[in-house]
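Please keep the sequence and the model in view while reading.

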Amino acid sequence: MRVVIKLAGALLERDEDVQLLARQIAELARGGNELLVVHGGGKIFTATLARMGIASRFVGGLRVTDRETRDVAVMVFAGLLNKKLAGAISLAGQPAVGISASDAACFLAEPMQIEDREGGLGYVGYLTEVNVDFLRSLWREAIVPVACCMGLGADGELYNINADHMAAAAAEFIHADRLIFMTDVAGVLDGDKVLSALRGTDIEDLIRHNKVSGGMILKLEAAKRALAGGVSEVRIVGGTKPRALVAAAGTGRCPGTRVLPVVRAAAKAANGATQGAA
Ligand SMILES: Nc1ncnc2c1ncn2[C@@H]1O[C@H](COP(=O)(O)OP(=O)(O)OP(=O)(O)O)[C@@H](O)[C@H]1O
Ligand SMILES: [Mg+2]
């Protein structure tokens, strides 16, 4: 199975969490799965910027990224975090390579345009292409690619990409069977209850009724995009629970929340309605 695994930045902060996930990634790769690991790291990035005396500004949840900020993003995402994760997976017994957009031009991006800010967001982009041949060459050798959330622009510049959107778009481009978001909560919550399954229309309801906010809205939007792009299933799972990732990649009971395609749900609903009428 081809699986994109997106790891939250919060899960890269504690060595125990990194090792727990690295062991499961190694196990899944050993089992013959073609994995693409994508990681975030917003909090560590913000903390590093603060340490360097650079203020963070956001427009519509997206970070305004001038050249200086972007350079720090490369240091933190493509450097520190990327290497830490690739090292942990390799030490867990499966060779992994940390890749960033520049390597074999594996992730291409275009700058994101927003209307209400003169000069745009700076070096913020969206994913436009994935070098699947390059990824295939790694999978053939059972090497796990670990990608940071950046894309290479036609101008040769690196662009920061929201990690959830990067994972969703990459899942679509590589025709992944499944996209798994490992996050810092147990799944999508309705109050204190973890929702075991969600469908497209449920997502709109949750947003409309203010039951989801912040990063979870971006994640659900990314999930919807991946499903619309042909990924069969998206799962949103807490990353600190032992074996949660292995379970999320399997066919048995899924911890966290399954996000299912609308079409299938609509067909089922129509079917149910017909049966109900009969
Ligand atoms: N209904 C909800 N269910 C679960 N989490 C929610 C909900 N509404 C808001 N959230 C928030 O969304 C957060 C998850 O998104 P967040 O962007 O912080 O993490 P991530 O996307 O997994 O990691 P990163 O942004 O580092 O890539 C949770 O920690 C929680 O605070
Ligand atoms: Mg997020």
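With 15 residues at 1.5 Å a residue, α7 should span 21 Å, and its end C-alpha atoms are 22 Å apart, which agrees; the expected span is 1.5 Å times one less than the number of residues. The model is predicted: local features need pLDDT of at least 70, side-chain atom pairs count only at pLDDT 80 or more, and totals for chains, interfaces and linings use all residues. Residues are numbered from 1 along each chain as its sequence is written, while chains are lettered from A and ligands numbered from 1 in the order in which they are written.

**Helix α7 and its cover**

- Helices (H or I, at least four residues) and strands (E, at least two) are DSSP runs, numbered from the N terminus.
- Among the buried residues of α7 are Gly215, Lys219, Leu220 and Ala222; a residue is buried if 20 or more other C-beta atoms, placed from the backbone, lie within 10 Å of its own, exposed if 12 or fewer, and partly exposed in between.
- The cover over the buried residues of α7 includes α5, β11 (178–183), α6 (200–208), β15 (233–238) and β16 (257–260).
- Gly230, which follows α7, has a positive phi near 105 degrees.

**Packing of α5 and α7**

- The axes of α5 and α7 come within 9 Å and cross at roughly 10 degrees; axes are lines fitted to C-alpha atoms, for helices over the stretch in contact, and angles run from 0 to 180 degrees between N-to-C directions.
- The two helices, α5 and α7, are therefore roughly parallel to each other, a term for angles under 35 degrees.
- Asp164, His165, Ala167, Ala168, Ala171 and Glu172 of α5 make the contact with Leu218, Lys219, Ala222, Ala223, Arg225 and Ala226 of α7; contact requires C-beta atoms, placed from the backbone, within 7 Å.
- By class, this contact has seven nonpolar, one polar and four charged residues; Ala, Val, Leu, Ile, Met, Phe, Trp, Tyr, Cys and Pro count as nonpolar, Asp, Glu, Lys and Arg as charged, and the others, Gly among them, as polar.

**Surroundings of ligand 1**

- Ligand 1 is surrounded by 19 residues, the closest being Ala8, Gly9, Gly40, Thr183 and Gly215; a residue is near a molecule if its C-beta atom, placed from the backbone, lies within 6 Å of it.
- Both α5 (163–173) and α7 (214–228) supply at least two residues of this shell, and the largest share, four residues, comes from α7.

**Tyr126**

- Tyr126 lies in strand β7 (residues 125–130) and is partly exposed, with 16 other C-beta atoms within 10 Å.

How values were computed:
Contact = placed C-beta atoms within 7 Å. Parallel < 35°, antiparallel > 145°, perpendicular 65-115°, else oblique.
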